[in-house]
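Here is a short walk through one structure. Please look it over before reading on.

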Amino acid sequence: MKQLFILFIAASLVGCAGCNENGGEVIDDSLQTNVNNTDVPENLSYNIIASHPHDTSAYTQGLELYKGKMYESTGDFENSSLRLTDHLTGAVLKKHMMGDPKLFAEGITIFNDKLYQLTWQNNKAYVYNLDNFEKPIQTFNWPYEGWGITHDSIQLIISDGSANLYFVDPVSFKVNNTVSVSDNNGLVDNINELEYVDGFVYANVYQTYRIIKIDPESGKVKGSMTVQNLLSPSDNPTGRVAEFNGIAYDSATKSLFITGKRWPKMFEMKLN
């Protein structure tokens, strides 16, 4: 269950003895078990190429870069919002407060020029016009918790904090198919923020610094990386920095943008 508490994972503050020179986690395949006849995921290496300011009031739940503009959904009861930001300066250009202390905003995606936003335990999903997201134009019922959302060319893809990915019709919001995510060790729970990149779903695993690359047809994890050493103690002077959360893809530059809840920085990275 996705609890509201402040968590700053110590692994982000210490050196990573198991990282390669490009920042990717080094995995000793000889130590991996295989319980379901699934290949060990490829170790994905990466380079952090830039860091940008990020609003520390943003309890980031969803991140989406669309036509050069960064959209961000922030959670936290009473403070949930939908934002348009300048991802290079951290400036908040437009902000819509949800206005209901019982709502907890979650992941977002943009499909056919409409913005879809999940809520955590409210069983609601909202649809907005991009040119005016002050008020939703449509509301859908969603029977599960809402965590992350992305899309392929025809349908939405949603996570609920379990190992499941739900493939959802964007017009009716009905579930077309459900796929369970697994690697060589079995089911992978806590699938959270999602991003669809070149035919694969990238997801962060909640309360870790792990990003996995998922084959959406089979649910098999094809690649994995652990991003570490991103923040220093000086980046957390108030102790309010919380979990890593937020993945956005820039198709123009082939970069990924990643950040976290109340993080002072957003990082730009390239996969090798």
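By class, how many nonpolar, polar and charged residues are in the lining of the largest pocket? The model is a predicted one, and in it this lining has six nonpolar, five polar and four charged residues. The lining is made up of 15 residues. Those that lie nearest the centre of the pocket are Leu65, Glu195, Tyr196, Tyr249 and Ser251. The volume of the largest pocket is about 270 Å³.

Another place to look is tyrosine 202, which belongs to strand E18 (residues 200-205). Its relative accessible area is 6%, under the 20% cut-off, so tyrosine 202 counts as buried. Beyond its neighbours within four places in sequence, tyrosine 202 is in contact with Leu44, Glu193, Leu194, Glu195, Val197, Ile211, Ile212, Lys213, Ile247 and Leu271. One of these contacts, Ile247, lies 45 residues away along the chain, and its C-alpha atom is 8.2 Å from that of tyrosine 202. Another of the contacts, Glu195, is also among the residues nearest the centre of the largest pocket.

The last stop is a hairpin. Strand E5 (residues 81-85) pairs with strand E6 (residues 92-97) in the antiparallel sense, over five bridges. Leucine 82 has histidine 96, in E6, as its bridge partner. Between the two strands of the hairpin there are six residues, and glycine 90 in this hairpin takes a positive phi near 85°.

Key. Residues numbered from 1 in each chain as written. Predicted model: local features only at pLDDT ≥ 70, side-chain atom pairs only at ≥ 80, totals over all residues. Heavy atoms only, no water. 1 Å grid on protein atoms, 1.4 Å probe; cavity = no way out; pocket = protein on both sides within 12 Å on 5 of 7 lines; lining within 4 Å. Points joined across faces, edges and corners; volume = space filled by probe spheres on them. Nonpolar A, V, L, I, M, F, W, Y, C, P; charged D, E, K, R; others polar. Helix = DSSP H or I, 4+ residues; strand = E, 2+ residues; numbered from the N terminus. Buried < 20%, exposed > 50% of the residue type's maximum accessible area, 1.4 Å probe, protein only. Contact = heavy atoms within 4.5 Å. Pairing = 2+ DSSP bridges.
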